[in-house]
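This briefing looks at a pocket and at a ligand site, in that order. Please keep the sequence and the model at hand while reading.

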Amino acid sequence: MNAKVMEASLNTTDSNTDDFFAAVAEKSDGAVLRGDYSKIDDQYVVRQDWDAYTPEQHALWRRLYQRQAKLIPGRACDVFIESLEALNIGDGIPRFEESSAMLFKATGWTLVAVPGLVPDHIFFGHLANRRFPVTVWLRDPEEFDYIVEPDVFHDFFGHVPLLFNPIFADHLQDYGKGALKAMKLDGLGMLARLYWYTVEFGLIQSPEGLRVYGAGILSSGGEIEHCLTSPASLRLPFDVERVMRTLYKIDSYQETYFVINDFQQLFDDTAPDFTPIYARLKALEPLPANTLLPGEANLSLK
Ligand code: PHE
Ligand code: CO
């Protein structure tokens, strides 16, 4: 998921299909969604027509892969590095079915192919059932560095390796269930911030220093370095309520990153019932993305 579907989330609590397309069209200045939605089933799932990818597209995937693979050592968390290696997807756009079978053996998750952004209730329904939706299309060569909607490179390279960690895998399923619940409690905007600052842009401690687990960073050529070294951004200890109050940037590097100690902390801290938290936070103003509150410590860099 990316900025646009997040933005759409904030505006579509009633999530039937027409609302979904209307909201996304509105958010992108009338532009239509990029994917081909003509063959979706009732869960927005399509077949990955692997044979339809061109040699140029596989070559572009390899270039994207190689750039990121060079940046990964010493920056990505261990499970990402290990799972990426095991997935063996450096040679071209992967066949979802093959990776899905590996993933299912590891953590009981499967991959489903989707045309692109899908409505909130569909997306969260997949997560709640341990299915991760992966966009089928690949960006154009001009979009090598920056892509507005998530493509197969972001969705697959960024997200899939983390799903091999059993705790993270359980967490993401709970997130899906929690988001379906939040839709009824007017809490989706807050949960979108949580997803953004963890699943997309999260940092994690390791004995050797900070590491990245967020897919938005791991699939980005520039932010992977910035997030670990730039004094221009804040790095704060993960705190559920602090995260759910914090606005985020969609068109620039993040100004704040939240750091978990380990995946168990992410799981445990998000396990309690959020109903009273939503009620409490709704009464507070959200915090700008670059806020350092009194008493908060910006984690020092090593
Ligand atoms: N514990 C949350 C609730 O009760 C659900 C949730 C779990 C949200 C995990 C995010 C991540 O609403
Ligand atoms: Co994403």
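The second largest pocket holds about 390 Å³ of space, a pocket being an open set of points on a 1 Å grid over the protein atoms alone, where a 1.4 Å probe fits and protein lies on both sides within 12 Å along at least five of seven lines. This is a predicted model, in which local features need pLDDT of at least 70 and side-chain atom pairs pLDDT 80 or more, while totals for chains, interfaces and linings use all residues. Residues are numbered from 1 along each chain, ligands are numbered from 1 in the order written, and side-chain values use heavy atoms without hydrogens or water.

**Second largest pocket**
- Of its 15 lining residues, Asp36, Val46, Arg47, Asp49 and Val136 are the closest to the centre, where lining means having an atom within 4 Å of a point.
- This lining divides into seven nonpolar, four polar and four charged residues.

**Shell around ligand 1**
- The residues surrounding ligand 1 include His171, Asp174, Tyr175, Leu191 and Thr270, a residue being near if one of its heavy atoms lies within 4 Å.
- Helix α8 (166-184) and helix α9 (188-200) each supply at least two shell residues, and α8 gives the largest share, with five.
- Six shell residues are nonpolar, three polar and three charged.

- An oxygen atom of ligand 1 lies 2.6 Å from a side-chain N or O atom of Lys181, and an oxygen atom of the ligand is 3.1 Å from a polar backbone atom of Phe274.
- A nitrogen atom of ligand 1 is 3.3 Å from a polar backbone atom of Ala271.
- Taken alone, ligand 1 exposes 330 Å², of which the protein buries 93%, with areas from the Shrake-Rupley method and a 1.4 Å probe.

Note on methods: Polar contact = N/O pair within 3.5 Å; in protein donor to acceptor, adjacent residues only side chain to side chain. Helix = DSSP H or I, 4+ residues; strand = E, 2+ residues; numbered from the N terminus. Nonpolar A, V, L, I, M, F, W, Y, C, P; charged D, E, K, R; others polar. Points joined across faces, edges and corners; volume = space filled by probe spheres on them.
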